[in-house]
Each structure stands twice: as C-alpha cells, then as structure tokens.
Amino acid sequence: MAKIGLRNFLFGILTEDAQGNATYGTATKPGKAISASVSITNNSATLDADDAVAESDTSFQSGTVTLGIDDDELATMAILLGHTITDGEIVRNALDVAPYVGLGRIITKMVGGVLKYKVEFLMKVKFGEPSQEENTRSSEGIEFGTSEIEGTVSTLANGDWSKAEVFDTMSAAQAYLESFFEPKVDATVTFSAGSGSGSYPDIDTYVGAVITVPDGSALTPPTNKVFDGWDTSSSATTGDIKGSYKVTGDITLYAIYVAE
C-alpha cells in the first residue's frame with residue numbers, strides 16, 4: 001500500500017452537546033491541499049505488581065494537525081480562527097477565540113495496483129494563529145510561498161476523536177466526507193444599479209459563503225456622483241458593503257452613489 005495523493009481539505013464549525021453528539025456547519029475549504037501531518041500523543045502509564053506490569057494505558061490523549069495549503073484566504077481564515085471580517089478587511093483581536101471544527105481530507109492510495117480513496121475525519125480540532133513568512137523574489141527564479149496552519153486535536157465528550165473509511169471511487173469518498181457537514185442551502189445574490197445604469201450577473205451561491213462583490217466599474221453613476229459600494233437597502237446613503245459579503249440568503253445588493 002502506498003499513499004500517492006492528498007486533496008479536499010474541508011472543515012465545519014462544531015456544535016457538541018454534553019453527550020458528545022456532534023454536528024458540523026457548512027463545509028468550508030481552507031485552501032488547496034499541499035500536505036497534512038497528524039501527530040498523536042497517547043497516555044502512557046503502567047502499574048507494576050509482583051515484579052511485573054499488571055496494568056497499562058496507552059489510550060489517546062491529544063494530537064496536533066498541521067496543514068499545508070496553497071493560500072490563507074482572509075475570509076476563510078477569519079472563520080477558522082474566530083476573527084471578524086468586514087468589507088474585505090480582517091481584524092485580529094487578542095480576545096478572539098477560534099471555534100472547534102471538524103476537519104476532513106481525502107488520501108489517495110495504491111493498494112495492489114488499484115487506486116483507493118481514504119477519508120480521514122478529525123472530529124474536534126482548534127487551530128492557532130499561523131506564522132507568517134514571505135521572501136523576496138529570487139534572482140535565480142520564482143519560489144512559491146505557501147501557508148501552514150496548526151491545530152490541536154481533542155476528543156468529543158464521548159471520547160470519539162476520529163473516523164475513517166476507504167472507498168473504491170473518489171466520488172464515493174467525496175460524498176462520505178461531505179456527509180459530515182450541514183447541507184448547503186442555495187442562495188442567489190442579485191445586483192441592482194440603483195439610481196445609476198449598468199448591470200452585473202447574479203451570483204448563485206449558498207448561505208454562509210463569502211463572495212467577492214463587484215467593484216462598480218461596470219456601472220454608470222448618476223450625474224455628479226460616484227459609486228461608493230453596495231447596501232442591502234436602496235435608500236442607504238453610503239455603500240457599506242465593499243470587497244466581500246457573507247451570504248445570509250437570497251438578497252439584492254443595491255449600488256450606492258455619493259457626491260463627487
């Protein structure tokens with residue numbers, strides 16, 4: 001057996017009751033998968049009696065998971081680390097608390113010359129703030145920069161900490177992985193030119209998604225006015241939605257203009 005591939009990191013915010021029954025919010029992709037490392041710490045204790053080991057314990061204690069991803073997209077990192085993001089700006093505060101999440105991935109394996117697809121799902125993980133490192137472009141060529149995020153693996157109240165299953169097809173593995181999370185609720189974001197003219201196509205998405213809103217360059221403002229952003233109300237005097245928007249359901253965003 002050989003592991004030959006890795007893909008489809010997905011996480012969802014964990015809700016757990018006192019009995020350890022867990023549900024997970026809408027699946028979110030933290031980035032394209034580059035690497036994953038899970039390190040487990042076991043309890044290690046022995047009881048000696050009559051000059052021999054009478055009892056021993058090597059049960060799961062905790063773990064760490066380190067993910068290598070292609071990019072730490074701001075809106076996704078805000079969800080994963082408990083930060084706020086408004087109009088494309090992420091604000092990190094010392095009092096922010098990262099939520100517990102469930103985290104899954106698909107590992108491609110070769111077994112007897114046949115491809116298999118193993119889903120690994122960690123049931124309770126909390127991620128910490130990633131380190132940041134950038135390098136100038138080398139005179140010898142381009143060196144790609146990637147991101148790493150590290151989390152602590154814990155158990156649910158009932159002791160469960162991981163689930164795994166192997167499938168013959170990628171589609172079956174993907175369906176199993178997605179079954180851990182709440183189904184996505186479809187939503188449509190419609191853009192209105194308001195008192196100006198021009199148009200943008202609707203965005204078909206889902207509740208909880210963070211979308212990039214248009215910059216207004218395709219709109220023609222009324223005379224002596226300029227585009228200021230979007231708002232959920234056509235009577236707003238300033239466009240407070242810029243850059244990004246978290247979808248809460250079917251919505252129309254109105255272009256807002258202010259005096260030049």
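In helix H1, the buried residues are Ala75, Thr76, Met77, Ala78, Leu80 and Leu81; buried means under 20% relative accessible area, exposed over 50% and partly exposed in between, with a 1.4 Å probe and protein chains only. H1 spans residues 74-81 and is mostly covered, with six of its eight residues buried. Helices (H or I, at least four residues) and strands (E, at least two) are DSSP runs, numbered from the N terminus. Just after H1, Gly82 takes a positive phi of about 80°.

This is a predicted model, in which local features need pLDDT of at least 70 and side-chain atom pairs count only at pLDDT 80 or more, while totals for chains, interfaces and linings use all residues. Residues are numbered from 1 along each chain as its sequence is written, and side-chain values use heavy atoms, with hydrogens and water left out.

The chain has two helices and 19 strands. Of its 260 residues, 34% count as buried. Among contacts (heavy atoms within 4.5 Å) with a separation of 6 or more, residues 24 or more positions apart account for 62%.

Phe11 counts as buried because its relative accessible area is 1%. Leaving aside neighbours within four places in sequence, Phe11 is in contact with several residues, including Thr76, Ile79 and Leu80, and also Thr26, Ala27, Thr28 and Phe181. The C-alpha atoms of Phe11 and Met123 are separated by 9.8 Å, although the two are 112 residues apart along the chain.

Which residues have the most contacts inside the largest nonpolar core? They are Tyr24, Ile106, Val119, Phe121, Ala173, Leu177 and Phe181, in a core of 17 residues. Strand E1 (2-16), strand E10 (114-127) and helix H2 (170-178) each supply at least two residues of this core. A nonpolar core is a set of buried Ala, Val, Leu, Ile, Met, Phe, Trp, Tyr and Cys residues joined through side-chain atoms within 4.5 Å. In soluble globular proteins, nonpolar side chains tend to be buried together. Beyond its neighbours within four places in sequence, Ala173 is in contact with Ile106, Tyr117, Val119 and Phe167. A second, separate core has 15 residues, among them Ala193, Tyr245, Val247 and Ala255.

Aromatic residues come next. A search of the whole structure finds eleven aromatic pairs. Rings of Phe, Tyr and Trp (its six-membered ring) pair if their centres lie within 6.5 Å; planes under 30 degrees apart count as stacked, over 60 as edge-to-face and the rest as tilted. The rings of Phe121 and Phe181 have centres 5.8 Å apart and planes at 75°, so this pair is edge-to-face. Because Phe121 lies in strand E10 and Phe181 in strand E13 (residues 181-182), the pair ties together parts that are 60 residues apart in sequence. Both Phe121 and Phe181 are buried. The rings of Phe227 and Tyr257, with centres 6.3 Å apart and planes at 70°, are therefore also edge-to-face. Phe227 lies in strand E17 (residues 225-231) and Tyr257 in strand E19 (residues 251-259), so parts 30 residues apart in sequence are tied together. Phe227 counts as partly exposed at 21% relative accessibility, whereas Tyr257 is buried at 8%. Tyr24, Phe121, Phe167, Tyr176, Phe180 and Phe181 form one aromatic cluster.

Two lysines belong with the rings. Lys124 lies over the face of Tyr100, at 4.6 Å from the ring centre, and the charged end of Lys184 sits over the ring of Tyr206, 4.3 Å from its centre. The criterion is NZ of Lys or CZ of Arg within 6 Å of the ring centre and within 35 degrees of the ring normal.

Tyr206 leads on to Ala209, which is in the loop between strand E15 (203-206) and E16. Ala209 is buried, with a relative accessible area of 7%. Leaving aside neighbours within four places in sequence, Ala209 is in contact with Tyr245, Lys246 and Val247. Ala209 and Val185 are 24 residues apart in sequence and 9.9 Å apart in space, C-alpha to C-alpha.

Finally, Asn224 lies in the loop between E16 and E17. Asn224 has a positive phi of about 65° although it is not a glycine. Most residues other than glycine have a negative phi. At 54% relative accessibility, Asn224 counts as exposed.
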